[in-house]
Amino acid sequence: MSEPTPSAIPLTSFNPSPLQTSSLSRLRVESDDAFLRDATNRAWLLRGVNLSGSSKFPRYPVPVPSHVGGEAFLVPRVSVQDAAEANQSNGHADANDATNVEVHASKDESNPALPETQTQPQQGNTAADDRISFVGRPFELSEADEHLARLRHWGFRMIRWVITWEAIEHRGPGQYDQEFLDYTVMALLKTKEYGFKVMVDFHQDVWSRFSGGSGAPLWTFYAAGLDPHNFAATGAAAVHNTLQPDEPLLRMVWLTNYYKLACASMFTLFYAGKILAPLCAFDNGVNIQDYFQSHFLGAIQALVDRIHECKDEEGRQLLEDSVVLGYDSWNEPSCGWIGLQQLDVLPEQHDMRQGDMPSPFQSLMMGEGLNVQDVATYRLELVGPVKSGSRTINPSTHPRALKKSVKAWLSPELRDEYDFKYGIRRDAGFPNAGECLWAQHGVWSIKDRKVLQQDYFARGPCSTTATALSSKNQQRLIEWVPDHWLPFARRVIEVVRKVHPTAILFLEPPVYVPPPSLAQEKSSSETKDGASNAALTTNMVYTPHHYDDLVLLTKRYLGWVNIDLLGLSRGRHKSLFGSIVLGKKATRMLFGKQIGEIQKECYERLGQRPVLIGETGLHFDVGLDKAQQSGNFQPGSSAGGIKKRSIRTALPWSSSKAKQSTPKQNVTATIATSKQFQNAFDNILNGLDRTLAHYTLWNYTVENDAPYGDGWNGENLSLYSSPPSDVANTADHDENLHEWDRGGRAIEQFCRPYPVATIGQPVKILFDRHQKTFKMSTRAPKTAASATTGDIRTEIYVPKFHFRGAEQCDVKVSDGTWEWDQEMQILFWTYGENNKEGGEVVDHWIEIQKKT
């Protein structure tokens, strides 16, 4: 591993960068305030980026993006006999060739590619599946200066730092990757040098890499009795890494995993195991819900503790508050099957449909290895998912089944082996291995292929006694948000604040779920477990996600039609057809309107507070054909209405500090961005400006490239892309382009002026990237004018990309004086005292216009 060991870089040896101004002060959340405040009471508008998409998968011993399969992803688990039979069926002469398979009889695996500092689990032995490391995510320490300098140059001050549960606890329950924790602290110290604020994001997508996303470690499936090796054959999850060579990756199909057996079961067990899976217990009575939650919270605490331990020689905190503002409650949490009232139909709330879309009952049967008919299939059209037909799925005929009966559940022998390996101790009453645990809880009958309790996941198990059956209709429906999601979100911040008392909670709601009513209703002063919600509402920033979903899913933007999925989710439209938005102006304004609605919901339900859009962005291949998406286009061509422009990128950088280094060589990579992309991205960014929303764009991926994008499920949203190898020897220097802009994509759109810190508060900002104008108005107490002295001034980021400095711009202000630091790209504005009229609050404005 190329990273230095923790002892090689003392945690107290950093030197503050000259880029720092007042950024080291703590930011605080005040009541009835939509902005965060610094020590001088200035209003901060947070603009930043998610770092990074590649943090979803390991870096060592080799990177494992979602298009990489085989042993690097999941060691094949077949016996020598199975391998021989498979080779014979494929026409191989050597039937004993078991290359690249894990011989199951062997319990001792080794991997010399990993560093010697990695330790063995306390129980059992380590297989290659666990011998991974996320050290180097989101970047190698030797490359940190390059990427952080670029992000700061682009005006970002906020980083949503992506970390998965797997990165910390991949070796087994309670075994934390100390090297990764040390690396993370060192990487965060680098962000301090560049004056960044950080929100730590505990990230997941559809539970885990092994169910098609990211997040939880592999051993969690084994603890639940599930077998990821058979997810592809049984349809338990659509996983990019396990696709067959001739099997296409359907666009955004990973989202459908939220409704399928693997992911749905895991979230159901995680949030409601005590009600819905009472038989699943470990360690003398610890239900699987508490088992999973306690381990996840333990991993969180391990990280929080390590950050807290980072102090200088005099015992002062180096990261808490000055850099790490707080922690996300959990990325895009899911209810699994909690709340479903009918299992043999495809629920309406399962609205993301692509490829095979089995009903929950069909998923259960397929997981048991049964032949299932009439599984609905869908395809994505411009108006959303459209049913294309149905098909029969027989797990035993899948190529990975090797013509044998397979299940999504571990056999008794395999479960015993994994229990030994990971030190998992199940209670005697735990459901039997090799059989669906939901069937063993009375949800359905395997023998009769029949649902026994349609509303099991909505009401919990019911007794067969006459008394219980007669009162079944009176049994309260399970409410996931107040009963399960909120209590766990509270547990997260309570764990954090025991160590870091001033940490901000970045409360992230489930996707398209409105915020809970915690501000006004007396009934909401406590969660259903009787605990106070004070920890949730104190020092909290509301952090939902929002995308232009139709463009995100279809990679097309027509300009005159869109769908208001937010309104559909809130019941304002009765059907998908009714949510269609027509007209150029209506579609252009839709995103900003939706952000305004999200802010209003927050203010009404949670009280006025900062609303930070934790994720938003767009695929950079929107509107491109397949050849253009792969980078196969020629400079100057104009087919397909694609606008071509030359974007400078750079070869690998020197290891010296960014502020002292220059690229070894300048090269040209012609990157196509369609007019569709530009219009759709303008709608997003202009909407965020109009609403003065805080946001962190998704995302910045160091390894993004033309063939595979972000390296995760076909996504391609990174603001940066590494240069193509075929232009490595091209010398073409553009003197007008800053070195840190090389490799950036759509810089002219996302790199935009905004008020970083404002005396009083910003009221309105407007940026026209075509006319090169920026207008801003503020409102401040009249006494603020006399207070704006020294460093206490309004700071506005003004990018060189659009405005080349004071000499090339006209700057007008309502009053006061300004000073433009072109190197820092900051305009400092001091209010004047010439406005004597009005009450105690005074309005100010500034306008910047690039000269023609």
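Visitor: Which helix is His295 found in?
Guide: His295 sits in helix α8, which spans residues 288-308. Keep in mind that this is a predicted model.

Visitor: Is His295 buried or exposed?
Guide: His295 is buried, because its relative accessibility is 16% and the cut-off for buried is under 20%.

Visitor: What does His295 touch?
Guide: Leaving out residues up to four places away in sequence, His295 touches Trp165, Glu169, Pro173, Gly174 and Trp219.

Visitor: Let's zoom out. How many helices and strands does the protein have?
Guide: There are 21 helices and 30 strands.

Visitor: And how much of the protein is buried?
Guide: The protein has 852 residues, and 60% of them count as buried. Its accessible surface is about 33,100 Å². Carbon and sulfur atoms hold 49% of that surface.

Visitor: What about contacts along the sequence?
Guide: Take the contacts between residues at least 6 apart in sequence. Of these, 73% join residues at least 24 apart.

Visitor: Now the sheet. What is the strand order in the open sheet of eight strands?
Guide: The order is β16-β15-β9-β6-β5-β4-β22-β19, and the pairing is parallel.

Visitor: Which strands are at the edges?
Guide: β16 (540-542) and β19 (612-613) are the edge strands. Each of them pairs on one side only.

Visitor: Tell me about β15. Which way do its residues point?
Guide: β15 covers residues 504-507. Ile504 and Phe506 point one way, while Leu505 and Leu507 point the other way. All four are buried.

Visitor: How many bridges join β15 and β9?
Guide: Three bridges, in the parallel sense. Strand β9 is residues 324-328. Asp328 has Phe506 of β15 as its bridge partner.

Visitor: And on to β16?
Guide: β15 and β16 also pair in the parallel sense over three bridges. There, Leu505 stands opposite Met540 in β16.

Visitor: What joins β4 to β22?
Guide: Three bridges do, and the two strands run parallel. β4 is residues 47-51, and β22 is residues 694-697. Val49 stands opposite Leu697 in β22.

Visitor: Switching to the backbone. Where are the cis peptide bonds?
Guide: Ser52 is in the loop between β4 and α1 (80-89). Another runs from Arg137 to Pro138, with omega near 15 degrees. Pro138 lies in the loop between α1 and α2 (144-153).

Visitor: Which residues other than glycine have a positive phi?
Guide: Asp283 is one of them, with phi near 50 degrees. Asp374 is another, at about 60 degrees.

Visitor: Where do those two sit?
Guide: Asp283 is in the loop between β7 (281-282) and β8 (286-287). Asp374 is in strand β11, residues 372-381.

Visitor: Why does Asp374 count as exposed?
Guide: Asp374 counts as exposed because its relative accessibility is 55%, and exposed means over 50%. Asp283 has a relative accessible area of 28%, so it is partly exposed.

Visitor: Which element gives the largest share?
Guide: α17 does, with four residues. α15 (549-554), β17 (561-563) and α17 (584-606) each supply at least two.

Notes: Residues numbered from 1 in each chain as written. Predicted model: local features only at pLDDT ≥ 70, side-chain atom pairs only at ≥ 80, totals over all residues. Heavy atoms only, no water. Buried < 20%, exposed > 50% of the residue type's maximum accessible area, 1.4 Å probe, protein only. Contact = heavy atoms within 4.5 Å. Areas by Shrake-Rupley, 256 points an atom, 1.4 Å probe, with all protein chains shown as cover. Pairing = 2+ DSSP bridges.
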